[in-house]
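The following paragraphs examine one protein model, moving from a single side chain to the helices and then to the chain as a whole. Please keep the sequence and the coordinates in view while reading.

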Amino acid sequence: MDHHPDDEDTPHDLAPPKRLPAGFVLDDAFSDNEDIDVPEFSPAAIREELAKNLNGAQSWNVGDAGFDDLVTKIGFAVDPDASVSTFDIDAGHDSPPSVLHSPSSPRIQSRSPSHQDSLYEVPLSSEFSQVSLDDHQSPPPPQHEEPEETVSEYPAVQIDLSHSDAVTTEVHPDRESIDSSQPMQLPQRSVSHDEFRPKTPSSPLQVPSLNTNAASTPSLPLPTSTSLPTPTTPKALSIPPPSNRHRPTRSAGPSMLDKVISKTRPPYLPPKPRTEDRKHQQDWEEMMKRSRAAEEKRRKALQDRRLARERRIEESIGMWEREIVPDWTVVHRNSNLRRLWWQGIPTKLRAPMWQAAVGNALALSKDAFKTCLSRAKRALASGTFPTTVLNLLEEDIRTTLPSIHLFVPEKGPMYQDLRDMLCAWVVARSDEGLGYVVGVAKIAAMILLNMPPAPGFVVMRNLLERHCLRSFYGGMASKDDVEAYYRIFDTLLADGMPKIYFNFKQHQVSPAAYLPDWLVPLFLDHLPFEACARVWDVIMLEGDAFLYRAALAILGVLEPRLFFPDKKELLELLRGENKAALEVARREGRLLNNGKYEIYGVDEESLWERIDSMDEWWRESTWKRLIERELPDL
């Protein structure tokens with residue numbers, strides 16, 4: 001039979017065959033000619049032929065003493081029943097390759113009955129150059145229990161050569177398991193002569209050749225290694241994910257979605273061409289730039305007008321001292337002086353003018369503050385001061401004029417004066433059975449900014465005794481009066497601003513939803529400080545009627561924003577919590593702690609423009625008539 005290199009059984013890319021001894025011809029080995037000597041195929045003859053054909057391996061020559069001499073030399077126990085068609089696990093630099101298995105070399109099988117648990121083999125010599133796999137494996141012997149082994153924390157490296165580029169995967173010992181029904185690829189490693197133990201998988205392992213320069217050898221036990229997990233029981237093969245996972249990082253530029261999404265057309269409409277979308281985006285940015293510039297110009301012009309108005313007020317001090325300070329009641333008889341008062345009181349004259357306009361209807365002495373404060377301090381020292389009232393008082397102070405930082409608890413320079421005035425006010429009201437009302441701290445703070453605590457206490461007591469404010473500060477005892485004031489406000493709103501009135505009625509928004517928040521702190525929570533100070537000047541002169549006129553003017557400024565289809569949004573706007581307006585204010589960098597309605601563009605100029613425009617329909621006679629109708633006992 002001719003031996004062709006293209007036959008299926010001939011391994012490719014193997015080393016050239018060894019020189020056969022004289023008389024050993026493959027074609028004649030199975031000839032019918034009895035005269036030709038047929039080589040003996042006994043184990044001893046095969047061992048002898050193998051030892052002769054190993055180039056440079058004379059020290060491995062196996063003689064008639066049997067294969068046990070070879071075992072003794074290499075120091076390993078060899079499984080005689082295992083197939084020689086195995087593979088080189090560790091084709092490294094220092095590990096000897098396996099024995100070549102080719103058509104010219106017969107298959108070697110051991111007959112010794114020992115070491116039947118061995119399946120893996122150990123390379124014997126560096127002289128071999130090929131790997132041969134045997135398709136015939138001995139049946140798997142029964143599994144044996146083994147002691148538990150400590151696995152190293154260092155993962156093994158698995159290399160996949162099936163693709164054009166080698167793929168390296170870390171195999172973690174604590175996650176690795178072996179499936180008896182699937183092939184397993186073992187990484188190359190060095191074999192130690194010091195430690196080994198037999199392993200018995202449930203089925204033969206099919207391992208591809210990792211090194212072409214290796215040959216097959218008899219099966220030897222696999223030494224124990226801390227770098228590679230040894231299979232014990234058949235389990236499902238699980239490949240752990242790579243340890244170095246990709247961590248997403250936030251890009252400084254626009255995302256891919258931002259680059260393709262259209263910002264100039266709603267998503268439910270067909271998309272624009274990219275060129276048109278970019279053009280419209282540039283147009284929008286240009287419009288926003290011009291809008292910001294116009295807003296900044298408007299704000300600067302408003303600031304200039306406010307400063308000019310303040311200069312005019314300060315320049316009018318001479319007229320104030322000559323005409324009004326000697327007898328403040330002249331403003332009720334002189335319309336020019338009354339108009340001068342409405343423009344605002346000079347700062348240095350505000351304290352005496354407020355004291356004169358409010359008066360002292362309660363006939364409080366100059367020592368009233370000192371007396372009430374001493375009672376409050378004794379109550380605080382003895383622990384009889386109500387804790388609930390004290391907590392409400394401290395919280396009210398914390399939210400009072402946060403933009404000027406004068407009343408910050410424990411740190412503000414005027415915090416102690418404000419706390420003393422409020423404690424004295426609580427003691428004074430306790431004689432009437434009334435408690436603390438949240439919002440009075442704003443009134444006390446505004447008064448303290450213009451005068452000392454002692455005269456300020458008298459002004460605050462008399463101001464809050466005016467009938468409208470007393471009704472809102474009177475608790476449940478004055479509930480009926482408060483309801484009457486709500487009806488009065490509804491009537492005035494229907495007469496002067498019917499659209500707002502019917503819109504509120506449609507959404508069932510009554511004055512109780514917003515009017516107490518304005519009147520109790522006298523607008524100090526919602527209006528900018530400068531506008532609120534000017535409103536206070538006129539309230540001191542005109543009384544309760546101007547409270548309602550100012551409230552109606554606020555609704556007039558907010559009118560374009562009040563026509564929401566949802567009641568919830570309408571109430572949020574009245575509370576100064578409209579989300580859209582807050583976002584616009586933050587984007588423009590405006591302060592958000594100088595009055596809640598400043599985000600809506602409510603300032604001193606716009607408010608007083610609205611107040612002045614109410615002269616067309618506001619009549620003092622209408623106010624008096626409504627008071628007589630709703631509060632006949634007043």
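Is arginine 549 buried or exposed? The model is a predicted one, in which local features need pLDDT of at least 70 and side-chain atom pairs count only at pLDDT 80 or more, while totals for chains, interfaces and linings use all residues. Residues are numbered from 1 along each chain as its sequence is written, and side-chain values use heavy atoms, with hydrogens and water left out.

Arginine 549 is buried, its relative accessible area being 6%; buried means under 20% relative accessible area, exposed over 50%, and partly exposed in between, with a 1.4 Å probe and protein chains only. The residue belongs to helix 19 (residues 544-558). Helices here are DSSP runs of H or I with at least four residues, strands are runs of E with at least two, and both are numbered from the N terminus. Leaving aside residues up to four places away in sequence, arginine 549 touches Trp342, Ile611, Met614, Asp615 and Trp618, where contact means heavy atoms within 4.5 Å. A polar atom of the arginine 549 side chain lies 3.2 Å from the backbone oxygen of isoleucine 611.

Two packed helices are described by the angle between their axes and the distance between the axes. For helix 18 (residues 529-542) and helix 22 (residues 604-613), the angle is about 35° and the axes are 8 Å apart. Such axes are lines fitted to C-alpha atoms, for helices over the stretch in contact, and angles run from 0 to 180 degrees between N-to-C directions. Helix 18 contributes Glu530, Ala531, Arg534, Val535 and Val538 to the contact, and helix 22 contributes Glu604, Leu607 and Trp608. These residues divide into 5 nonpolar, no polar and 3 charged; Ala, Val, Leu, Ile, Met, Phe, Trp, Tyr, Cys and Pro count as nonpolar, Asp, Glu, Lys and Arg as charged, and the others, Gly among them, as polar.

Helix 12 (residues 440-448) is largely enclosed by the rest of the structure, because 9 of its 9 residues are buried.

Most residues other than glycine have a negative phi. Histidine 405, in the loop between helix 10 and helix 11, has a positive phi near 60° and is exposed, with a relative accessible area of 52%. Leucine 522, in the loop between helix 17 (515-519) and helix 18, has a positive phi near 55° but is buried, with a relative accessible area of 1%.

Across the protein chain, there are 23 helices and 2 strands. Of the 634 residues, 43% are buried. Among contacts between residues at least 6 apart in sequence, 75% join residues at least 24 apart. The count of disulfides is 0, a disulfide being a pair of cysteine sulfur atoms within 2.5 Å. Cysteine 372 is buried at 10% relative accessible area, and cysteine 532 is buried at 0%.

Notes:
Polar contact = N/O pair within 3.5 Å; in protein donor to acceptor, adjacent residues only side chain to side chain.
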